[in-house]
Amino acid sequence: ARSTTPARSDHIVGRVEQRAQLGRTLDDVIDDGSRFVIIGGDAGAGKTTVVDAFVADLFGRLADRKAQLIRGQCVPMGNEGLPYAPIVGVLRDLVSQHGREQILEWAGAGREALGALLPDFGTAPSDADDTIRLQLFETVTMLLERASENGPLVVIIEDIHWADESTRHVLRFLARALTDAPVMIITTYRSDELTRRHPLRPFLAEVGRFPGTVRIDVPGLDRSEVAELLTQLLERPPSNVVIDLVYK
């Protein structure tokens, strides 16, 4: 888990409500079961800032929730992302925190399917048919459920606009299958990257209809918020000319 974040997370500009909403959603997860959070905004709007601030809260004012944190990152590669990259990252975090033997025990009969993502867990099945993929999805789901028995589990996956089709399938499955378990999956995406035919669009539309989905939009800063941010960065009030140049 990443237990430290930059000092800028102590006070963020114009994102107080989004940060608070993540905290409220964690409490909903603890009380009522899983949530799938989708954070959208243009590049540079502050999605990562909001997520980092929430991570700081997990180890600060929300530390009494005793949440666990694991992360994955989508990696762009050609027209689509590197297959399963964020899911592999999430699983490696699980292994790091709970140990290989514990993960194998939780996986049970699904341990063979894990070989498709974690080669050191065994040889991947030679036939990657729908049955094997389903077993893999079910195993990943079960691992998150079992891990959450040790405390609410927060899973952060950023930049899903770069996710490959396989990753979207896993996320869709998790959004449906994780119900009562205290698992909070947080995803981010760049709204300005979504062309009319971008494959993430139908994913967002479908997952957005699930009862456990929470949408959080991160709009651009208004002029007063830009002025506040510049004051922080410059350590003095900026001129109106500078504010207008940055705001535009």
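The second largest pocket of this predicted model has a volume of about 220 Å³. A pocket here is an open set of points on a 1 Å grid over the protein atoms alone, with protein on both sides within 12 Å along at least five of seven lines; the volume is the space filled by probe spheres set on the points, which are joined across faces, edges and corners. Sixteen residues, each with an atom within 4 Å of a point, line this pocket, and Ser34, Ala175, Leu178, Thr179 and Gly212 lie nearest its centre.

Where does the lining come from? At least two residues each are supplied by β1 (35-41), α7 (165-177) and β6 (183-190), and α7 gives the most, with 3 residues. These elements are DSSP runs numbered from the N terminus, helices being H or I of at least four residues and strands E of at least two. By class, the lining has 8 nonpolar, 4 polar and 4 charged residues, where Ala, Val, Leu, Ile, Met, Phe, Trp, Tyr, Cys and Pro count as nonpolar, Asp, Glu, Lys and Arg as charged, and the others, Gly among them, as polar.

Let us stay with α7. Its axis and that of helix α8 (residues 200-207) come within 11 Å and cross at roughly 5°, with axes fitted to C-alpha atoms over the stretch in contact and angles running from 0 to 180 degrees between N-to-C directions. The two helices α7 and α8 are therefore roughly parallel, a term for angles under 35 degrees. Arg168, Leu171, Arg172, Ala175 and Arg176 of α7 meet Leu200, Phe203, Glu206 and Val207 of α8, contact meaning heavy atoms within 4.5 Å.

The largest cavity holds about 40 Å³; in a cavity a 1.4 Å probe fits but cannot get out. Its lining consists of Ile87, Val90, Val140, Leu144, Val155, Ile157 and Leu174, with 7 nonpolar, no polar and no charged residues.

Finally, look at two backbone angles. Most residues other than glycine have a negative phi. Aspartate 159, however, has a positive phi of about 65° and is found in the loop between β5 (153-158) and α7. At 14% relative accessibility, aspartate 159 counts as buried, that is, under 20% relative accessible area with a 1.4 Å probe and protein chains only.  Tyrosine 84 has a phi near 60° and is also buried, at 13%.

Residues are numbered from 1 along each chain as its sequence is written. Local features need pLDDT of at least 70 and side-chain atom pairs count only at pLDDT 80 or more, while totals for chains, interfaces and linings use all residues, and side-chain values use heavy atoms, leaving out hydrogens and water.

Notes: Angles under 35 degrees count as roughly parallel, over 145 as roughly antiparallel, 65 to 115 as roughly perpendicular and the rest as oblique. Buried means under 20% relative accessible area, exposed over 50%, partly exposed in between (1.4 Å probe, protein chains only).
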